[in-house]
Amino acid sequence: MSKKEEILRAAAYLFATKGFKEASMAEVAAMTATAGSNIFYHFKTKEDIFLAVLKTIRDDMLTQMEHLLSGQQFTGGMSMIEHLVASYLGMAKSNPHWFMLLHRSYPHELAAVNPSCRESLAAIYEGFIDLFERAIRAGQEDGSVTKGSARKKAMVVFAMADGVVRFDTHHLYEAGALYDELMTSCRRMLKPGA
C-alpha cells in the first residue's frame, strides 16, 4: 500500500468515527507514521483529503455494486430485490466506516457547495437506486411487482434499506435482525393487489 493510500485509509477512519471537523491531520500523521508536511505533499487541504476519501468510497462501492447482480440466478424481480436488500445490509456490515461517514451531516453540507462532493454522493446513491430500479422493472415485467414509477419505488425501497442500516451505524439495532421485517414491508408495498 502506498503512503497516499495509507493516509486516505487513516483519514477515512477518523472522518467516519470523529467527524470532519474533529479529525485532525496530526492524528492522520500519527496513524500513518508520516510527517504532517508529507500529508500536504499529497493533498493541498483537509477538504481535499476528505474529497479523495469520498471518491475512494464511491469507486469501491460502485465496483461492489457492479458485482451484486452479476452471475446471479433469480426466480423473478422480487427475488432480485431481496438479494439487493440483503447485499446492501451485508455491504454496510462489512464496511461500517463507509456508511458511518456517509451518514454524517458533513458530506451532505459540503455537497451543497462543492460539485465534486455532490458528484460523488450522487454516484453512490444513484448507483444503488439504479440497481433497485432494475430489479423493480424486472418484477413489473414478470408480474411480481406492481406497475407505476419504478424509479420512485426504487427510491422508497432504498430509503427503507438505508434507514435500517442507519440503526446499525449508530449502534441502535443490528440491521440484519430487521431483514425479515424490512422485506415484509417491501413486499407489501410492491406486491400487486396489496
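## A charge over a ring

The charged end of Lys46 sits over the ring of Phe20, at 4.6 Å from the centre of that ring. This contact, like everything described below, is taken from a predicted model. Phe20 belongs to the loop between helix 1 (3-18) and helix 2 (25-32), and because its relative accessibility is 12%, under the 20% that marks a buried residue, Phe20 counts as buried.

## Overall architecture

The protein chain is built from ten helices and zero strands, so that reading from the N terminus gives the order α-α-α-α-α-α-α-α-α-α. Taken along the principal axes, the C-alpha atoms of the protein chain fill a box of roughly 65 × 30 × 30 Å.

Of the 194 residues in the protein chain, 46% count as buried. When contacts between residues at least 6 apart in sequence are considered, 66% of them join residues at least 24 apart.

## Aromatic pairs around Phe50

A search of the whole structure finds eleven aromatic pairs. A pair of aromatic rings is described by the distance of the centres and the angle of the planes. For Phe20 and Phe50 the ring centres are 5.6 Å apart and the planes stand at 80°, which is over the 60 degrees required, and the pair is therefore edge-to-face. This pair links distant parts of the chain, since Phe20 lies in the loop between helix 1 and helix 2 whereas Phe50 lies in helix 4 (residues 46-68), 30 residues apart.

Phe50 has a relative accessibility of 2% and therefore counts as buried. The ring of Phe50 also pairs with that of Tyr106, with centres 5.1 Å apart and planes at 80°, so this pair too is edge-to-face. Because Phe50 lies in helix 4 and Tyr106 in helix 7 (residues 106-111), the pair ties together parts that are 56 residues apart in sequence. Both Phe50 and Tyr106 are buried.

## A further aromatic cluster

Elsewhere in the list of ring pairs, Tyr88, Phe99, Tyr125, Phe128, Phe132 and Phe158 are linked into a cluster.

## Packing of helix 5 and helix 10

Two packed helices are described by the angle between their axes and the distance between the axes. Helix 5 (residues 77-94) and helix 10 (residues 179-190) pack at an angle of about 145°, and their axes are 11 Å apart. The crossing in which helix 5 passes helix 10 is right-handed.

From helix 5, the residues that take part are Met78, Ile81, Glu82, Val85, Ala86 and Leu89, and they meet Tyr179, Leu182, Met183, Arg187 and Leu190 of helix 10. By class, the residues of this contact divide into nine nonpolar, no polar and two charged.

Once its neighbours within four places in sequence are left aside, Gln140 is in contact with Val145, Thr146, Lys147, Gly148, Ala150 and Lys153.

Ala177 has its place in the loop between helix 9 (150-169) and helix 10. Its relative accessibility is 41%, a value between the 20% and 50% limits, and Ala177 therefore counts as partly exposed. The C-alpha atom of Ala177 is separated by 28 Å from that of Pro107, and these two residues are 70 residues apart along the chain.

Notes: Residues numbered from 1 in each chain as written. Predicted model: local features only at pLDDT ≥ 70, side-chain atom pairs only at ≥ 80, totals over all residues. Heavy atoms only, no water. Axes fitted to C-alpha atoms, helices over the stretch in contact; angles between N-to-C directions. Helix = DSSP H or I, 4+ residues; strand = E, 2+ residues; numbered from the N terminus. Left-handed = near helix turned anticlockwise from the far one by under 90°. Contact = heavy atoms within 4.5 Å. Nonpolar A, V, L, I, M, F, W, Y, C, P; charged D, E, K, R; others polar. Phe/Tyr/Trp six-rings, centres within 6.5 Å; stacked < 30°, edge-to-face > 60°. Buried < 20%, exposed > 50% of the residue type's maximum accessible area, 1.4 Å probe, protein only. Lys NZ or Arg CZ within 6 Å of the ring centre and 35° of its normal.
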